[in-house]
Amino acid sequence: MRTLALVMLLLLLAAPAAAGDPLLVHVPARRALLRADSGSVHLIDIASRERIWTVPGVRHPGAIIASAAGDLAAVLDPIANEVAVIALGSGTAVIHPIPETPLAGEIIGDALYVLSRDAGSVTRIDSDGSRISSALPGRAGLLLAAGGAPYVYDRVSGSIVRLDPSSLEIEASGSLPPFASDLEAGDGTGYLVLPREGRLVAFSLESLEVTESRAAGAVPIDLQLERTAGALSGGTLAIADPSSKRVWRDEGAQSFGQALARGFLRGLLGLGLYAPQSAEFPTGVDRLFTADRTLWGFDSASGTLYRIEGERARASARGVSWGSFAVADSRVWIANSEGIESRPW
């Protein structure tokens with residue numbers, strides 16, 4: 001029964017946004033919001049809240065992403081098996097057919113990488129419209145962009161591959177624990193959370209070998225790198241554990257020498273041991289992200305968005321769906337059928 005519950009939860013986390021709901025993403029480089037509706041995509045100026053342009057989109061928006069540089073975006077349609085690739089500067093869009101069930105995408109440089117679950121493949125689409133697809137050796141599970149390369153993890157077998165960003169040929173492969181619910185990376189290290197085992201696993205992005213495994217709550221579901229490594233700590237990881245209604249914080253992976261040096265420096269400065277604070281919630285948070293230099297948690301069951309500061313968590317929005325909101329300029333922006341609602345957080 002426990003295994004079945006975990007499988008159902010993993011399917012829920014991998015599912016696209018609810019059908020018919022608009023999607024919203026912040027484009028910081030353009031100080032704008034990108035909104036995807038059925039058949040159309042709109043770029044909206046944050047200051048004036050006016051539309052800058054509208055372009056054709058896909059019929060069933062399931063996921064929306066935008067590059068950090070603010071020049072490229074994409075909207076995935078997992079039902080019609082299409083993706084709208086959008087040049088944000090010129091306000092033009094091209095809709096491409098894509099192998100079956102595109103569920104996740106990453107933008108690396110000026111190229112879009114799309115993971116197709118049922119086809120078991122990754123497709124690269126360049127800004128000039130050229131594209132290539134490559135079949136994966138295992139099942140398509142989780143897609144990660146790190147160090148300028150795409151990584152694909154197979155939830156069933158635990159295998160992971162790093163693909164050449166140009167040819168999509170396999171550069172390296174490794175074997176990690178299976179049934180992870182999330183895959184993240186930072187400071188040259190990849191991280192998995194394993195709900196069934198209640199563990200956090202760290203691995204080298206170079207060798208794809210496990211470097212550390214530690215307990216991480218009761219049923220950890222989602223993971224977010226909240227703070228990168230610095231002189232005094234190995235960075236901070238936030239781990240969503242909806243079964244205990246907590247978001248745990250832990251230090252990122254580091255070598256013995258790094259931990260010793262950081263501990264010595266903290267002692268020299270009189271700061272004591274590094275102990276990240278965890279936060280408790282009235283409901284079970286199962287998704288985490290950072291925006292506006294702040295950690296945020298989302299409860300998919302109740303549609304509640306929380307702002308997390310240290311041990312405190314405050315509800316900033318209720319009754320919203322995942323993907324239909326964005327956080328920018330100290331406000332929460334929510335897309336609905338009437339437009340975009342804004343409220344201070």
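**Close-up 1. The lining of the largest cavity splits into six nonpolar, two polar and two charged residues.** Here Ala, Val, Leu, Ile, Met, Phe, Trp, Tyr, Cys and Pro count as nonpolar, Asp, Glu, Lys and Arg as charged, and the others, Gly among them, as polar. This is a predicted model, so local features need pLDDT of at least 70 and side-chain atom pairs count only at pLDDT 80 or more, while totals for chains, interfaces and linings use all residues. Residues are numbered from 1 along each chain as its sequence is written, and side-chain values use heavy atoms, with hydrogens and water left out. The lining runs through Leu136, Pro137, Gly138, Arg139, Val152, Tyr153, Asp154, Ser159, Ile160 and Val161. Strands are DSSP runs (E, at least two residues), numbered from the N terminus. A cavity is a set of points, on a 1 Å grid over the protein atoms alone, where a 1.4 Å probe fits but cannot get out; lining residues have an atom within 4 Å of a point.

**Close-up 2. Strand β6 (residues 72-77) is covered on both faces.** Six of its six residues are buried, meaning under 20% relative accessible area with a 1.4 Å probe, protein chains only. Leu72, Ala74 and Leu76 sit on one side, with Ala73, Val75 and Asp77 on the other. In a regular strand, side chains alternate between the two faces of the sheet.

**Close-up 3. β6 has antiparallel partners in β5 (residues 63-66) and β7 (residues 82-87).** Strands pair if DSSP finds at least two bridges between them; β5 and β6 share four, and six join β6 to β7. Leucine 76 stands opposite alanine 63 and has valine 83 as its bridge partner in β7. In the β5-β6 hairpin, with five residues between the strands, glycine 70 takes a positive phi near 75 degrees. The β6-β7 hairpin has four residues between its strands, and there asparagine 81 has a positive phi near 55 degrees.

**Close-up 4. Threonine 101 and leucine 208 have positive phi values without being glycine.** Most residues other than glycine have a negative phi. Threonine 101, with phi near 65 degrees, is in the loop between β8 (92-97) and β9 (102-108). Its relative accessible area is 6%, so threonine 101 counts as buried. Leucine 208, at about 60 degrees, lies in the loop between β19 (199-204) and β20 (210-215). Leucine 208 is buried too, with a relative accessible area of 1%.

Key
1 Å grid on protein atoms, 1.4 Å probe; cavity = no way out; pocket = protein on both sides within 12 Å on 5 of 7 lines; lining within 4 Å. Buried < 20%, exposed > 50% of the residue type's maximum accessible area, 1.4 Å probe, protein only.
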